[in-house]
Amino acid sequence: MKMLPRALSGIKPTGMPHLGNYLGMIKPALKLQETHETFYFIADYHALTTQPDPQKLRSHTYDLVATFVALGMDIEKHTLFKQSDIPEVTELTWLLSCVTPKGLLERAHAYKDAIAKNIDANHGLFSYPALMAADILIYDSDYVPVGKDQKQHLEITRDIASRFNHIYGDTLVIPEPVIAPEVATIPGLDGQKMSKSYNNTIPLFLPEKKLRKLIMKIVTDSKSVDDPKDPNTCNVFSLFKFFATPEEHLLLSNQYQAGGLGYGEAKQICFEVINRELKTARNTYFSIRSDEEKLNQILRQGCNKAKKIAQEVLDRTRMKVGL
Ligand code: ADP
Ligand code: TRP
């Protein structure tokens, strides 16, 4: 029985997590620990849709486990697990696939983009949203914290669950997305959306010197030190504002508009506020990341908790369809 509303989310182990993942998903998701029962998982089945290298897949899975723990996921009260440790989810995917109109999947962005780019999409990529729906529905999730780009996937999930319930009677919980409007899309070094696919990311946990060096590479316009600058269109400021206190935000905004502050100095200030927020977690990250046995044990613990619920929901669903 649920004592608190249940939040669930997943992230693919396709690279080192970056500041976009942190601000758009990981940080708001971890905040929900105070008021929700939370289930967060590493979406390794989903990562296979883009066929990563097996060794990198394993290593990035550990990176993410260590990241969630370092940022304060309480693994005693909450559940951190690996998607593929619960293969029940693939069976639910099949049951859902049989009520999912093909047109719904054809309209999904990831598949449409692949087709537009003439990429020979595999079946996994095509049915990605059905697996994602199963991920969410198999834990009777109430809320799903994600970045804005996942909104369509949540709509598809709700649509599939409603269809299933309509055909077989009330079975699946219809989830709500939780999307922080103020962090809609975090820009990368070049001002486009920060994304592993654009090679413009600032990894979340970098040794201090490397972090500073990367922040110095953020693209700006060519205004001189004395020129007044617009904080609203500056890539440095758009990152800074997520880490600054309201006073720091106001102060730097005024300095931009007054002129007399160069981008080099603004970048140094930006580095300082980011570094302040991540310093402690970074130290914890590097110490636990090296202990893979401990990380395996965390995953085993999460798997035991997640499996119980997944089996219950799958049994309920199998029964409804007549299996
Ligand atoms: P990437 O685009 O780098 O491959 P993922 O697709 O793995 O990132 O995203 C994992 C989570 O992080 C998702 O919930 C996604 O919405 C969020 N996210 C990724 N990039 C950003 C960004 N630039 N701004 C806000 N949220 C983001
Ligand atoms: N599609 C999500 C992403 O690319 C990852 C994901 C897989 C997910 N299953 C999920 C997110 C279930 C939330 C809930 O970021």
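The model is predicted, and local features need pLDDT of at least 70, side-chain atom pairs count only at pLDDT 80 or more, and totals for chains, interfaces and linings use all residues. Residues are numbered from 1 along each chain as its sequence is written, chains are lettered from A and ligands numbered from 1 in the order in which they are written, and side-chain values use heavy atoms, with hydrogens and water left out.

**The whole chain**

Begin with the protein chain in a cartoon view, where 14 helices and five strands can be traced; these are DSSP runs numbered from the N terminus, with helices (H or I) of at least four residues and strands (E) of at least two. The chain is as compact as a globular protein of its length, because its radius of gyration of 21 Å is close to the 20 Å that the globule rule gives for 323 residues. That radius is taken over C-alpha atoms, and the rule is 2.2 Å times the number of residues to the power 0.38. Along the principal axes, the C-alpha atoms fill a box of roughly 75 × 45 × 40 Å. Colouring by accessibility would show 50% of the 323 residues as buried. Here buried means under 20% relative accessible area, exposed over 50%, and partly exposed in between (1.4 Å probe, protein chains only).

**Ligand 1**

Select ligand 1 next, together with the 18 residues around it, of which His18, Asp149, Ile186, Ser195 and Lys196 come nearest; a residue is near if one of its heavy atoms lies within 4 Å. A backbone N or O atom of Gly20 lies 3.3 Å from a nitrogen atom of ligand 1. Oxygen atoms of the ligand are approached by a polar backbone atom of Gly147 at 3.1 Å and by a backbone N or O atom of Lys196 at 2.8 Å. Of the 540 Å² of accessible area that ligand 1 has on its own, the protein covers 93%. Such areas come from the Shrake-Rupley method with a 1.4 Å probe; for residues, only the protein chains shown count as cover.

**Ligand 2**

Move to ligand 2, which has 14 residues around it, with Lys12, His46, Tyr128, Asp135 and Gln150 coming nearest. An N or O atom in the side chain of Tyr128 is 2.7 Å from a nitrogen atom of ligand 2. Polar side-chain atoms of Asp135, at 2.7 Å, and Gln150, at 2.9 Å, also lie by ligand nitrogen. Taken alone, ligand 2 exposes 370 Å², and the protein buries 91% of that.

**A buried threonine**

Select Thr38 in strand β2 (residues 37-42). Thr38 is buried, with a relative accessible area of 0%, and its side chain makes a polar contact of 2.8 Å with the side chain of His78.

**Two loop asparagines**

Go to Asn118, in the loop between α6 (109-116) and α7 (123-126). Its phi is positive, about 60 degrees, although it is not a glycine, and at 72% relative accessibility Asn118 is exposed. Asn199, in the loop between β5 (176-178) and α10 (208-215), has a positive phi near 55 degrees and is exposed at 75%.

Finish at Met1, in the segment before β1 (6-11), which is exposed with a relative accessible area of 92%.

How values were computed
A polar contact is a pair of N or O atoms within 3.5 Å; within protein, one must be able to donate a hydrogen and the other to accept it, and residues adjacent in sequence count only if both atoms are side-chain atoms.
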